[in-house]
Amino acid sequence: MNIFKIKIKNYKSIKDSGEVAIDDKIMAFIGQNNAGKSAILDAIQCVFPSTKKAVNRSDFHKGTHDNIEICIWFNGVTDEYLEEKLFADTIIKLLDKVKALEGADSDVEKIEGAKKKVIDTREEKLAEAKEIYQVCDNTICVKMVVTNADSRMGTKYYVDADSVKEIKETELKKILPVLKVIPAIRDPKNESTAGTNSY
């Protein structure tokens, strides 16, 4: 699974990024200070439940009450990826049952029935996953919308760019990989002598 496109609205220094294509060979964002390099990386982190990066009121672009919208498109969401992330244990148990039947010299009908159950279960689980996550051509879109009402903030997740099909954060956690982050170092001179606090 790889990010191939992002769109960010009203987040930190970014009013509206438009759709930005991400090359899978990219190694770095380069630009002058306050151009939004860190804002892009922070926005991506906000969408991944594994990072626990929350949106604060100060993150709304210039104090606006307009919604923050962070949309990330992923490719590489193959049948194999979905199985590995969502229901590999179920398939492994069914395959173990087939092996046990073969090892016990069970009749052919029982073995073929167990094999058919593996195929049927795999197809059923894949269809279910593709419906939940709106997988199309091995791609999905995850959109996070954060509202900034007078009294409180609210966050919702969707699996389409049009904010139609809502999804729970727990469901996202199942399919998205764990994102590893090395925090930004703002003062390399201090960090190099910070002892145990150094990155």
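Colleague: What makes you say that there is a kink in α2, and where is the kink centred?

Modeller: The bend at a residue is the angle between axes fitted to the seven residues ending there and the seven starting there, and in α2 that gives a kink of about 90°, centred on F87. This is a predicted model, in which local features need pLDDT of at least 70 and side-chain atom pairs count only at pLDDT 80 or more, while totals for chains, interfaces and linings use all residues. Residues are numbered from 1 along each chain as its sequence is written, and side-chain values use heavy atoms, with hydrogens and water left out.

Colleague: Why is Y81 called buried?

Modeller: Buried means under 20% relative accessible area, exposed over 50% and partly exposed in between, with a 1.4 Å probe and protein chains only; Y81 has 13% relative accessibility, so Y81 counts as buried. Contact means heavy atoms within 4.5 Å, and, not counting residues up to four places away in sequence, Y81 touches M1, G76, I175, L176 and P177.

Colleague: What makes the pair K12 and D42 a salt bridge?

Modeller: A salt bridge is a side-chain nitrogen of Lys or Arg within 4 Å of a carboxyl oxygen of Asp or Glu, and the closest N and O atoms of K12 and D42 are 2.6 Å apart, so the pair meets that definition. K12 lies in the loop between β1 and β2 and D42 in helix α1 (residues 37-47), so the pair ties together parts that are 30 residues apart in sequence.

Colleague: Are K12 and D42 buried or partly exposed, and how do you know?

Modeller: K12 counts as partly exposed at 28% relative accessibility, whereas D42, at 14%, counts as buried.

Colleague: What joins the side chains of N148 and R57?

Modeller: A polar contact of 2.3 Å joins them, the term standing for a pair of N or O atoms within 3.5 Å, where within protein one must be able to donate a hydrogen and the other to accept it, and residues adjacent in sequence count only if both atoms are side-chain atoms. N148 is also buried, with a relative accessible area of 9%.

Note on methods
Helix = DSSP H or I, 4+ residues; strand = E, 2+ residues; numbered from the N terminus.
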